[in-house]
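Subject: Structure for you to look at

Hello,

Here is the structure I promised you. Please open it and keep it beside this email as you read.

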Amino acid sequence: MGFRYQKRVNLGKGLGLNIGKKSISTSYRTRHGSIGSRGFSLRTGIPGLSYRSSWGKSKEGLLILVAFGLVYMAAVVIYNIALFLIFLVKFTYFKLTAHDDETDISE
């Protein structure tokens with residue numbers, strides 16, 4: 001049996017860089033499991049028990065990881081646009097009501 005070297009560098013918010021003896025890969029961890037360029041794992045409620053599957057030798061794992069990142073980024077952009085629209089509606093409403101109050105006072 002040979003030696004095995006593995007190191008994980010945490011990049012924040014669940015993202016990590018996995019460094020091995022021969023290669024480097026990325027992964028994203030949540031409390032429900034992890035997904036990476038080499039496969040995924042799902043955690044169960046039973047400590048020490050998990051399900052693990054690999055993507056195989058092809059590049060489909062990397063494509064799925066990129067797709068997951070794009071979906072996440074799209075969700076963040078949509079969320080921020082929604083917050084901006086809510087702010088804009090509130091700002092416009094308060095500007096209009098403040099303008100109406102000024103005309104009532106001046107009359």
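Below is what was found in it, from the overall layout to single residues.

First, some ground rules. This is a predicted model, in which local features need pLDDT of at least 70, side-chain atom pairs count only at pLDDT 80 or more, and totals for chains, interfaces and linings use all residues. Residues are numbered from 1 along each chain as its sequence is written, and side-chain values use heavy atoms, with hydrogens and water left out.

Layout. The protein chain has six strands and one helix. Their order from the N terminus is β-β-β-β-β-β-α. Helices (H or I, at least four residues) and strands (E, at least two) are DSSP runs, numbered from the N terminus. The chain has 107 residues, and 14% of them are buried. Buried means under 20% relative accessible area, exposed over 50%, and partly exposed in between (1.4 Å probe, protein chains only).

The second largest pocket. Its volume is about 310 Å³. A pocket is an open set of points on a 1 Å grid over the protein atoms alone, where a 1.4 Å probe fits, with protein on both sides within 12 Å along at least five of seven lines; lining residues have an atom within 4 Å of a point. The volume is the space filled by probe spheres set on the points, which are joined across faces, edges and corners. The lining has 14 residues, and Leu 15, Tyr 28, Phe 68, Gly 69 and Tyr 72 lie nearest the centre. β1 (6-12), β2 (15-20), β3 (24-30) and α1 (60-106) each give two or more residues to this lining. Helix α1 gives the largest share, six residues.

Lys 13. This residue sits in the loop between β1 and β2. Most residues other than glycine have a negative phi. Lys 13 counts as exposed because its relative accessibility is 76%.

Gly 39. Strand β5 (residues 39-43) holds Gly 39. Is Gly 39 buried or exposed? Gly 39 is buried, because its relative accessible area is 14%. Gly 39 and Ser 27 are twelve residues apart in sequence, and their C-alpha atoms are 9.1 Å apart in space.

Ile 81. You will find Ile 81 in helix α1. Ile 81 counts as partly exposed, because its relative accessibility is 48%.

Best wishes
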